[in-house]
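Q: Got a model I'd like to go through with you. Can we start with the surface at the DNA?

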Protein chains: 2
Amino acid sequence: MTSQHSSKTRLLEAAVKVVRTKGYNATRVEDICAEAGVTKGSFFHHFKSKEDLGLGAVAHWNAFTSDLFARAPYHEADDPLDRVLGYIAYRKELLEGDVPEFTCLLGTMVQEIHDTDPSLRESCARGLDGHVATVEQDIAEAVAQYGLEPDWTAESLSVLIQSVLQGSFIFAKSGKGAGVVTDNLDHLHRYVSLLFGRPARAPSASARAHSQ
Amino acid sequence: MTSQHSSKTRLLEAAVKVVRTKGYNATRVEDICAEAGVTKGSFFHHFKSKEDLGLGAVAHWNAFTSDLFARAPYHEADDPLDRVLGYIAYRKELLEGDVPEFTCLLGTMVQEIHDTDPSLRESCARGLDGHVATVEQDIAEAVAQYGLEPDWTAESLSVLIQSVLQGSFIFAKSGKGAGVVTDNLDHLHRYVSLLFGRPARAPSASARAHSQ
DNA sequence: GACTAAGTACCTACCAGTCGGTATGGAAAT
DNA sequence: ATTTCCATACCGACTGGTAGGTACTTAGTC
């Protein structure tokens, strides 16, 4: 806890970056060292194995993202439905830069390691579920406030939103770029609006540019 | 074209199975040989490299799936919207067995190799896009027949459907099992019904059992 | 006997992880 | 104040196992 911004955090940040780009298995320890500008000796001083780094990177990611979303402005809305729609709009704003810069570390990793590394999979699953729970809460409040009695659960809708995002990232990586994510978020906006009987106004005006 | 069911096809089928389970990078050539009950000598007789096998496996997969969906009963419906909803219902019926048995080879692979192997990525992308185009056609016909003038395109809705499936598979792998896919397909059914102004009847009666 | 299929043994690059060692800095001892 | 001592951070050559790929051999078939 002494100098909390040095080699160790640099390694974690490098890990997030490289793994998001190349995937977990294809990432070599030395790739991360090179990215962080650190030697292998230093790496194994801070992490006892590659898996240990993986767990660390996931934890780092979870800390980073939960902070990011906790601070996001859409929470300020009084109407819980506006918070849900605000979340969807906010996800569009995050689509900056190249594909590996806006995709999700957890989704990328869990695919590769779900059968090979139980503890890593668990760690990823916890991060994913935690984020699902965040949005789920707003959805549940919206359901209550709008007096809906749906044949779907708040959790299932929250999972749908995350599934759409994860699936969009796969298509983005297949060559379609950020445009798929935007389009899919528009569909999500429309769906949620329909479920809650909101007028189907044009989605939030900004970000109509597609990247292909 | 001589003996079209021997070592080569066994290797391809083994490749599909193992890659869907462990991912592409974590799959060793010898894993595939073991699964196919064949030696490495035979492997390199039929494929000049691991990448060559990857391309072959993708082609094999594309042939298999396009045949599967071409023969599927939902095509018989006269109303194109029924075909679209039939497709969604049909995807539920495919959710048999363990997680790696119903997930998509292309989605799994494209994540891992999008940055490392352009020709494999291209091959996966073609397969994905081809399937998108299939459903897109029915959607487009439905839009025309129902006289809709939507602010979304048939392609974007078709991509959404595939994105939801791919994203569901990620969550299924994270530990949630087939139940997520079912729930998400129910949401898709509801969304498409809403878009086309169909009464929101309960989704197709079968398959209400969740696997968790 | 020519050609394809398949098996065995081997080679080699690569990479996670090790190990002996050096720098630094602060606290305790003198 | 200076020396001693130890812990933490860091370095980079080396290793050992693994896995992709090759070379050569053998079995079957027209």
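Q: Which residues come nearest to DNA strand D?
A: This is a predicted model, where local features need pLDDT of at least 70, side-chain atom pairs count only at pLDDT 80 or more, and totals for chains, interfaces and linings use all residues. Ser7(A), Gly41(A), Val29(B), Phe44(B) and Ser49(B) come nearest, out of 17 residues around DNA strand D. Near means a C-beta atom, placed from the backbone, within 6 Å of the strand. Residues are numbered from 1 along each chain as its sequence is written, with chains lettered from A and ligands numbered from 1 in the order in which they are written.

Q: Which elements give two or more residues there?
A: Helix H3 (40-46) of chain A, plus helix H2 (29-36) and helix H3 (40-46) of chain B. Helices (H or I, at least four residues) are DSSP runs, numbered from the N terminus. H3(A) gives the most, with four residues.

Q: And DNA strand C, which residues are closest?
A: Val29(A), Lys50(A), Ser7(B), Gly41(B) and Ser42(B), among 17 that surround DNA strand C. H3(B) gives the most to that surface, with four residues.
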